[in-house]
Every structure is written in structure tokens, then in C-alpha cells.
Amino acid sequence: MDTVKFNKMNTLVVAHRGLSGIEKENTNSAFVAAGNRSYFGIETDVHKTLDGKYVVFHDDTTGRVAIDDMEVEKTTFDCLRSLILTDVDGKKGRSDIRIPTLAEYISICKKYEKTAVLELKNAFAEKEIYEIVNIIEDLGYLDHVIFISFCLENLVMLRAKYPEQPAQFLIDDYQDSLIDILKKNNLDLDIEYTALNEENMNALHNAGIKVNCWTCNDPEAGERLAQWGIDYITSNILE
């Protein structure tokens, strides 16, 4: 698939699960491909394995991307790491396409000087959130990470210890009550792109809230969002 260019204006573009329009999602290959291009950031998802390791992977189970079906959080790291994932054509054949660790992802972001946009998947315990942060701190890259999550409590726990860490609440629809929730918890927003319009984006910006959206692969929609002044666009392919 060819990369689709669009007029992003001042918008910062984030590579969704790495450059997943070209390489297999959430693999080191996808992260490096994004690193070698002009993306501002690289987005991925973090899970905890049965034996307490942190890996980057989207689904709760591996079947969609590996054929072999295992539940990520009930499987050991070594077992997950042994899986060869399918390539973008749905076939296995490349032995390098495996589930990365959180540390590998952060190290790639650091090497290519990309902001890490890290989704805290599912509900974590407070201790687990701080373990994730500690891994990133040990790699010297916490100042270049934006945390995102559909689970508000994950972000509230993050805020308790890291009140100024960039963080965005993931949501799929816009409600007027959203601004109060975001302001109360000092959070920005990451919303499904079709839920945005010029009016609600202006309301969010007037409240001092930065706006990210997922997952926009349509150049016309991307340009319209950029014209409205969106801060970030998360995409598989737009840049």
C-alpha cells in the first residue's frame, strides 16, 4: 500500500500501531517504518503477560494476527514471544514479526526521536501503571510519552503520581459533559474522528483541551480536521 499524502497544516500525525498501513501492526518493523518517516509520534498498546512482563499488542487474544490463539494476559512472555505473526498479507513467513516488549518499542521511539503514544489497554492496577512508567523512566524517555486509555481510572491513577504527564482520554463519541471530566482530571482528548465537528472542536480548544483523533485514513477528512485546527491525527497511512 502506498502512503497517502494530505495537507496536514500544523497538525501532528501519529502512526497508528506503527506504520500499519505498510508493515504488520504493533511490530518492531512497523515502529521502525514510522521512525524512518516524518511522523510526530508512534502509537501502540501495552498489556501485561501472565508472568509480569509488558508487551505491546492490541487485542486481548492473538488469533487475529497470529492464527494461533492465546489470551495475552494469561500467557507467559516466552510463549507469546515464540509466536510468529502473520504479515500484512495474512500469511506467516517472516521470522522477525513477533510481539515486541514495551522496552523495545520505547527504545525505537527514542532512537528515531518520535513521541511514544502509549495506550494502557484494559484496566490496570495502580502498581502496574507505575511499573510501566518505571520502565520508560529507566530508558530516559518519559518526557516524550503521551499516555492514552479508554479506562478513565487508568489515567486518574497516573495523574495521582504524575500530575503533568501528557495524557488523553480515549472515547468514541462526543458528549457535552466530556469537557468537565477532562478539565477535572487535567486530561486531553483522543476521540473517534467522525465524532468531531468544527463546533465541538472549538469548544474543546476554548477549554484548553488538546484534541487527538483515531483512526483517520481518509485524506479529505484529514484535511478538514486540520483546517479545524485539530492538534493530532492518528492514522495508519496518512503521512
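Predicted model: local features only at pLDDT ≥ 70, side-chain atom pairs only at ≥ 80, totals over all residues.
Helices here are DSSP runs of H or I with at least four residues, strands are E runs of at least two, and both are numbered from the N terminus.

Which residues of H5 and H6 meet? From H5 come Glu126, Ile129, Tyr130 and Val133, and from H6 come Asn154, Met157, Leu158, Ala160 and Lys161; contact means heavy atoms within 4.5 Å. By class, this contact has six nonpolar, one polar and two charged residues. Ala, Val, Leu, Ile, Met, Phe, Trp, Tyr, Cys and Pro count as nonpolar, Asp, Glu, Lys and Arg as charged, and the others, Gly among them, as polar.

## A bridge between charges

Let's turn to salt bridges. The whole structure has 13 of them, each a side-chain nitrogen of Lys or Arg within 4 Å of a carboxyl oxygen of Asp or Glu. Lys48 sits in strand S2 (residues 41-48) and Glu131 in helix H5, so the pair ties together parts that are 83 residues apart in sequence.

## How to read the values

Residues are numbered from 1 along each chain as its sequence is written, and side-chain values use heavy atoms, leaving out hydrogens and water. Local features need pLDDT of at least 70 and side-chain atom pairs count only at pLDDT 80 or more, while totals for chains, interfaces and linings use all residues.
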